[in-house]
Amino acid sequence: MSTIEIGDLHKSFGRLEVLRGIDLSVEPGEVVCVIGPSGSGKSTLLRCVNLLEEPTSGSIRVAGVEVTDPDCDIDAVRRGIGMVFQQFNLFGHLTVRENVTIAQRRVLKRGRAEANRFAADNLDRVGLSDKADAYPAQLSGGQQQRVAIARALAMDPQLMLFDEPTSALDPELVGEVLAVMRGLAAEGMTMLVVTHEMAFAREVASRVVFMDAGVVVEEGPPAEVFGSPRADRTREFLHRVLEPTRVSETEIGAHLAD
Amino acid sequence: MTLTPRRRRRLVRVAGYFLFALVILAAVGSADWGRLSDAFFRSDVAGSMFPEAITVALRNTILYTLLAFVFGLTLGLGLALMRLSTILPYRWFATAYIELFRGLPALLVLFMVGYGVPLAFPDREIPGGVYGSVTVGLGLTAAAYMAETLRAGIQAVPKGQLEAARTLGMSHPRAMISIVLPQAFRIVIPPLTNEIILLTKDTSLVYVLGVTSSTIELTKFAGDTLNTRVNPTPLVVAGLLYLVVTLPLSQLVRGLERRAARER
């Protein structure tokens, strides 16, 4: 059974159609990276998987459960899906340890000692055991994002969603977050990652999905998508992202030399 | 000697201070302190007010304030959540309530509760006598103000906080209680203190309910003493006692704000 199975997914915000028929599946243990230009619907697709956005039509099955079914217990489904946000979204009024334990205690009903043990284990996994008593505001962006990953992992998810996890970070802090994610992938975690980090996608992904204008343009192993992209739009996007200094004036219609 | 811009700025500033001090001194100096202290600072009149001024009047003022505040905060939180609800009738009700009670003088509401409710429900009464009537009478108005304050506080918590909580499997009510409201309250501590200080002074309206010697509060107590002694000194005493309540309150809030700033 696929971990995620998306069929003919449509999503509109008012008259703006953001997703225009997406078919995508993620198998257990797979790391799928979704790339594409801003506004292509990548984040919306990710947010539909745990119903942070209500799909307009189509079907989404997570571990066999149809999440768009009105009778579906979405809180139960979300328990099994970890999510990491671009803006970290750590709870500012709680310490790092409390951030990692609160859902364990309130949702999974674990006791204090057990929750603290899970917190300690997962903070250790992301290399932040020594920050358990700090408040989020006292941490760097990279540290905050690693805590957010530990918070999600403490719920024992079978699937992790990453929504541009490094886009809000200073460049020198990107590496520490990617290192944690690479480690997770190596442990066999099923991951759906929306990212602009092409090097990460190329190295870690089992499959790369290129989206543009609300549809999947092309998908395949990273070597194929990056090495010999089939679609013109993929080629154009990769050229602009991977070689930004080679984007020519004529390409963008500028006439600087005149 | 030519004035450099810096020297000129300094000269203007010093002249400003000087003028300010002069105005204050002139006002203080030209007042007739002898006559003023005969009227407002008579120690024998002031002395006769104690200990009742504190054991009864100040105690009741604080009690009325706390009761009305707790009632108003609870009702206000309910109204704030209704205003933010996705259910339209709830939003309508909360909006209508807030507009109505914010627009009416507290005195009127207190009067309506004190005399209207017994007429409407003759075989039932608000428990707690005057204390109950004050709690409801002042709390209804306070709730309208606090509802708006709390709504602003809840909306000031970033949307991502609720999303992160829901993503972890928390239900909407659970996420509100554990994640959003604690942060919202931190944001609204300063405006809520403002509310409680205003409420402290609004307890001076309680006299319309007809208070006895045991339920009397500061302003009425001072007014009664003023009438029997034919001297306004009690007003000064009452004023000082109000400050005894409100000044530490401001201090407390400053402390809480500092703590919240550290955790942010």
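Biologist: How many residue pairs are in polar contact across the interface of chain B and chain A?

Modeller: The rule finds six residue pairs in polar contact there, both residues at pLDDT 80 or more, where a polar contact is a pair of N or O atoms within 3.5 Å, within protein one able to donate a hydrogen and the other to accept it, and residues adjacent in sequence count only if both atoms are side-chain atoms. This is a predicted model, in which local features need pLDDT of at least 70 and side-chain atom pairs count only at pLDDT 80 or more, while totals for chains, interfaces and linings use all residues. Residues are numbered from 1 along each chain as its sequence is written, chains are lettered from A and ligands numbered from 1 in the order in which they are written, and side-chain values use heavy atoms, with hydrogens and water left out.

Biologist: What is the area buried between chain B and chain A?

Modeller: The size of an interface is often given as the accessible area lost when the parts come together. Here the buried area (accessible area, 1.4 Å probe, lost on being put together and summed over both parts) is about 1,900 Å², and carbon and sulfur atoms give 59% of that.

Biologist: How many salt bridges does the rule find across the interface of chain B and chain A?

Modeller: Side chains of opposite charge can pair when their charged atoms come close. The rule, a side-chain nitrogen of Lys or Arg within 4 Å of a carboxyl oxygen of Asp or Glu, finds two across this interface; one of them joins Asp75(A) to Arg166(B), with the closest N and O atoms 3.2 Å apart.

Biologist: Which strands form the open sheet in chain A, and in what order?

Modeller: Strands of a sheet pair through backbone hydrogen bonds, either parallel or antiparallel. In chain A four strands form an open sheet in the order β2-β1-β4-β5, with antiparallel pairing, two strands being paired if DSSP finds at least two bridges between them. Because β2 (16-26) and β5 (65-66) of chain A stand at the edges with a single partner strand each, one side of each is left without a neighbour in the sheet. Strand β4 (residues 57-62) of chain A pairs with β5(A) over two bridges, and the bridge partner of Arg61(A) in β5(A) is Glu66(A).

Note on methods: Buried area = accessible area lost by both parts, 1.4 Å probe.
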